[in-house]
Amino acid sequence: MKLIYQHLLSFLLIIFTTVAIIGYAEITYVTDQAYTQNYQRMDDYAASLSDLAVANQKNGTVTLNSEFLNQLQFVLRSDDLHLRIFDAAGKQIYPKNEQKFRLPQSVFSILNQGREIRVKNNNDSKAYFGHTKDAYTGVLVPWTNKNKLIGSIWLGSRVKNVERSIVTAKHNLFNALIIALIVGLILSLVLSYYSTSKIKRLSRATKKVQAGDFDVQIKYQGNDEIDQLAASFNQMVRTLKKSNEEVRQQEKRRDQFMADAAHEMRTPLTTINGILEGLQYDAIPEESKPKSIALMSRETKRLIRLVNENLDYEKIRNNKVNLTKTQFNATKVLEDVKIQLKQNAVKANDQLQVISPQKLLIYADRDRFTQIVVNLVQNAIQFTTNGQITITGRRIEHGSEIVVTDNGIGMSQEQMQYIFERFFKADPSRARLGKGESGLGLAIVASLVKQHGGKIRVNSVPNQGSTFVITIYDQGYEEVISK
């Protein structure tokens with residue numbers, strides 16, 4: 001069922017239910033009022049006749065004049081009232097009838113207690129007076145004198161007369177229900193169209209997004225739930241657009257990486273294959289064989305490094321690396337890294353410097369921490385020529401901070417957005433063989449820092465250099481890793 005029909009049905013059911021409840025309450029009220037007023041009117045007549053009967057009582061017998069009662073019945077007939085009078089024994093004495101009708105003993109015992117009996121419908125209730133062609137409603141009132149029953153009177157009127165106002169109320173209610181349904185149908189159509197039109201706009205916009213259009217935005221006014229949904233949809237589309245652009249950039253960088261990797265692997269494989277063929281056909285002079293074998297070894301290690309970096313990144317990215325965190329002196333590690341990478345820095349004519357207190361305690365996995373610092377310093381060497389690279393270590397509140405600063409080529413704001421992503425190269429033309437050519441070094445650094453519960457940030461200015469800041473927190477102060 002379409003949503004607009006669901007709304008219509010819902011609105012109409014609400015209107016029908018509301019009118020039915022109100023109508024039921026109104027009919028009940030009108031019915032109670034009609035019968036209450038009728039009983040009250042009968043009671044008034046009965047009270048007046050009771051006073052006359054007591055005043056005319058002789059020897060414990062009701063002695064109202066028959067002629068007077070006939071005249072009274074004639075007057076009451078104009079008001080469509082019916083009159084019966086019973087003596088102290090429950091025998092009907094007016095009007096006279098050949099059947100010598102008596103009140104049932106159950107009724108007579110109630111009257112003896114001085115209690116009034118109200119009958120809503122003599123054809124529906126116990127047969128106090130037998131069934132009649134027209135149903136009657138009325139009261140049976142005892143006449144007492146000095147707490148002694150001297151007689152009783154029945155005053156009744158036709159039920160159809162009492163219920164005339166009830167029938168009118170039902171008729172009015174039915175008319176009101178028809179009018180309410182018609183008006184409700186019109187209003188439901190308007191409200192349903194208003195609501196479903198917003199949903200249709202969302203549906204059309206969703207189809208556009210499904211087709212790949214991430215520039216669609218829904219105009220909305222107000223602050224109802226559908227408008228809030230439209231706002232969330234717009235935000236979602238903007239996020240999808242951004243994600244789509246990032247995916248495209250990632251795909252572009254992946255394609256570039258595949259091209260670079262193919263190129264990087266082709267060169268050592270060609271070298272290795274050439275040396276092997278030379279050895280096979282004895283085309284390499286004996287004195288050149290050690291150098292050729294050493295070159296083949298270096299190229300083989302280079303291929304292994306390319307593969308290992310990819311495998312290492314996948315393990316780190318999927319949190320499959322088990323960190324063995326201990327507290328140790330980070331300054332010693334920084335000095336070791338300086339010695340390890342000194343030759344690479346000399347080749348680029350760079351100066352390596354470590355500024356750190358003699359003892360800088362840090363809580364981390366020593367091997368992975370060393371990997372972090374090595375990757376950062378190698379990255380600085382790769383993009384710095386004839387420059388200065390400074391490794392700074394210092395304590396901060398509840399942690400330690402490692403800063404690697406260079407005065408190399410630097411990066412733009414756009415490059416800094418992707419610097420920690422896989423396969424990204426800030427300047428592929430400056431990548432040196434064997435020095436971060438895979439584009440995974442900084443991605444590995446970011447993942448390892450994150451798994452340590454730490455932070456990494458970068459500041460850079462084109463042609464002025466870059467600064468990478470690593471924060472590793474003490475035990476118990478690590479940040480929660482976002483899964």
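Predicted model: local features only at pLDDT ≥ 70, side-chain atom pairs only at ≥ 80, totals over all residues.
Residues are numbered from 1 along each chain as its sequence is written, and side-chain values use heavy atoms, with hydrogens and water left out.

Strand β4 (residues 136-145) and strand β5 (residues 148-158) pair in the antiparallel sense over 10 bridges, two strands being taken to pair if DSSP finds at least two bridges between them. Within this pairing, L140 stands opposite W154 in β5. Strand β3 (residues 117-119) also runs antiparallel to β4, to which three bridges join it, and V119 has G138 of β4 as its bridge partner. Eight of the 10 residues of β4 are buried, so this strand is largely enclosed by the rest of the structure; buried means under 20% relative accessible area, exposed over 50% and partly exposed in between, with a 1.4 Å probe and protein chains only.

These strands belong to an open sheet of five strands in the order β2-β1-β5-β4-β3, with antiparallel pairing. The edge strands are β2 (92-94) and β3, each of which pairs on one side only, and neighbouring strands of the sheet are turned by 25 degrees against each other on average, direction ignored. Axes are lines fitted to C-alpha atoms, for helices over the stretch in contact, and angles run from 0 to 180 degrees between N-to-C directions. Strand β1 (residues 81-87) pairs with β2 in the antiparallel sense over two bridges, and F86 stands opposite Q92 in β2.

A second open sheet is formed by five strands in the order β7-β9-β10-β12-β11, and here the pairing is mixed. Its edge strands, β7 and β11 (455-461), each pair on one side only, and its neighbouring strands are turned by 15 degrees against each other on average, direction ignored. Strands β9 and β10 pair in the antiparallel sense over eight bridges, with T392 opposite V403 in β10. Helix α10 lies across β7, β9, β10 and β12 and runs at about 20 degrees to β10.

The largest nonpolar core has 37 residues, of which F369, L376, V377 and I470 touch the most other members. A nonpolar core is a set of buried Ala, Val, Leu, Ile, Met, Phe, Trp, Tyr and Cys residues joined through side-chain atoms within 4.5 Å. At least two residues of this core are supplied by each of α8 (330-340), β7 (351-355), β8 (361-365), α10 (366-382), β9 (388-396), β10 (399-406), α12 (441-451) and β12 (465-473), and the largest share, eight residues, comes from α10. Not counting residues up to four places away in sequence, V377 touches V337, L341, L352, I391 and V404, where contact means heavy atoms within 4.5 Å. Apart from this core lies another, of 25 residues, among them L83, V141, W143 and A169.

In α8, the buried residues are A330, T331, V333, L334 and V337. They cover an arc of only 160 degrees around the axis, which puts them on the same side of α8; the arc is that of the directions from the helix axis to the C-beta atoms. These buried residues pack against β6 (325-329), β7, β8, α10, β9 and β10. The N-terminal end of α8 is capped by N329, a side-chain oxygen of which lies 3.2 Å from the backbone nitrogen of T331.

Nine of the 11 residues of α12 are buried, so this helix is largely enclosed by the rest of the structure; the buried residues include L442, I444, V445, L448 and Q451. Following α12, G453 has a positive phi near 80 degrees, and H452 is found in the loop between α12 and β11. H452 is buried, with a relative accessible area of 2%, and, leaving aside its neighbours within four places in sequence, is in contact with L323, K325, A364, D365, R368, I472 and E478.

How values were computed. Helix = DSSP H or I, 4+ residues; strand = E, 2+ residues; numbered from the N terminus. Polar contact = N/O pair within 3.5 Å; in protein donor to acceptor, adjacent residues only side chain to side chain.
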